[in-house]
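Hi everyone, thanks for coming. I'll walk you through one model today, strand by strand, and then we'll look at a pocket.

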Amino acid sequence: MCIRDRPISGSVRSVPRGGDLQAAIDAAVAGDTIFLEAGATFVGNFVMRSTDGNESRPIVLRTAGADAVPAGERMTAERAVPLAKLRSPNNMPALATAPSARGWRVELLEFLANRGGGGDIIALGDGSTAQKSLARIPTELTLDRLYIHGDPVAGQKRGIALNAGRVSITNSSIVDIMTVGQDSQAIGGWNGTGPYLIENNLIEAASENILFGGADPAVLELTPAGIIIRRNVIRKPLAWRDPGVKWQVKNLLELKNARDVTIEDNLFERNWAEAQSGYA
């Protein structure tokens with residue numbers, strides 16, 4: 001059996017509507033694929049566990065059936081309609097990593113806003129002092145062809161908290177990430193090592209669309225490094241400029257603690273002076 005041109009090398013675990021997704025995640029080993037029923041919504045705070053450190057094969061978590069978007073193409077809201085959906089019932093992430101987790105590929109899924117729009121929708125690694133050693137940082141993680149969005153009314157604090165190592169975020173749409181009275185980011189990281197590939201995504205957030213730094217790393221003297229930001233559309237919707245909209249608007253890209261950063265072939269558009277002027 002294969003997913004397009006990528007063979008499934010391990011077991012197939014299918015989770016139907018109403019099924020126990022966390023049990024499937026806990027039982028999976030390197031090379032397995034977890035198929036979620038198309039169109040079903042899975043509500044919870046799901047955690048990806050560690051895999052065998054000697055294994056190079058990832059565990060794949062995705063929607064069952066044919067690819068809604070071919071490999072290499074960007075996910076959109078319209079193309080996400082048939083996908084399986086994950087949603088947090090609170091302000092904790094819908095999907096997070098356990099300490100030292102590695103070897104996960106998450107693709108072809110929709111992530112809905114957290115209840116009330118608080119917290120992170122996806123948390124890769126831990127930004128708190130619980131992750132204060134390199135050994136606890138999750139690694140080898142891929143997010144591909146995802147539709148991640150906040151609530152257009154309630155908003156959302158953060159799309160992806162990026163505090164892991166060796167992460168790719170590709171071909172996805174991360175939109176409606178905005179909140180009132182505090183900063184919001186589509187992608188924000190401060191306690192991960194890198195390297196990071198952020199490529200061919202649509203990225204919309206009110207405060208900082210992409211932010212590295214902004215909080216002190218819990219790992220002593222850590223600086224995220226080896227960051228590639230390429231071929232993305234990074235923008236703010238003009239509707240957020242309406243005088244009646246109170247989202248806290250700042251910068252399109254902000255680097256407060258980062259090194260070895262490549263930024264190329266992106267489209268940056270629709271930014272204005274509001275909560276912070278920003279400089280190129």
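**Strands side by side**

A quick word on names: helices (H or I, at least four residues) and strands (E, at least two) are DSSP runs, numbered from the N terminus. And two strands pair if DSSP finds at least two bridges between them.

Before going on, this is a predicted model, so to speak of local features we need pLDDT of at least 70, and side-chain atom pairs count only at pLDDT 80 or more, while totals for chains, interfaces and linings use all residues. Residues are numbered from 1 along each chain as its sequence is written, and side-chain values use heavy atoms, with hydrogens and water left out.

Back to our strands. E18 and E21, which covers residues 208–212, run parallel and share four bridges.

**The open sheet**

Now for a sheet of nine strands. It's open, its pairing is parallel, and the order is E3-E4-E7-E10-E13-E16-E19-E22-E25. At the edges you'll find E3 (12–15) and E25 (259–264), each with a single partner strand, so one side of each has no neighbour in the sheet.

E16 (residues 165–170) and E19 (residues 196–199) pair over four bridges, with Val167 opposite Tyr196. E19 and E22 (residues 225–230) have four bridges as well, and Ile198 is partnered with Ile229. Then E22 and E25 pair over five bridges, where Ile228 faces Thr262.

**The pocket**

How much space lies in the largest pocket? About 330 Å³. A pocket, on a 1 Å grid over the protein atoms alone, is an open set of points where a 1.4 Å probe fits, with protein on both sides within 12 Å along at least five of seven lines; lining residues have an atom within 4 Å of a point.

There are 25 lining residues, and Pro93, Ala96, Ala123, Gly125 and Asp126 lie nearest the centre. Strands E6, E9, E12 and E15 each supply at least two residues of the lining.

Technical notes
Points joined across faces, edges and corners; volume = space filled by probe spheres on them.
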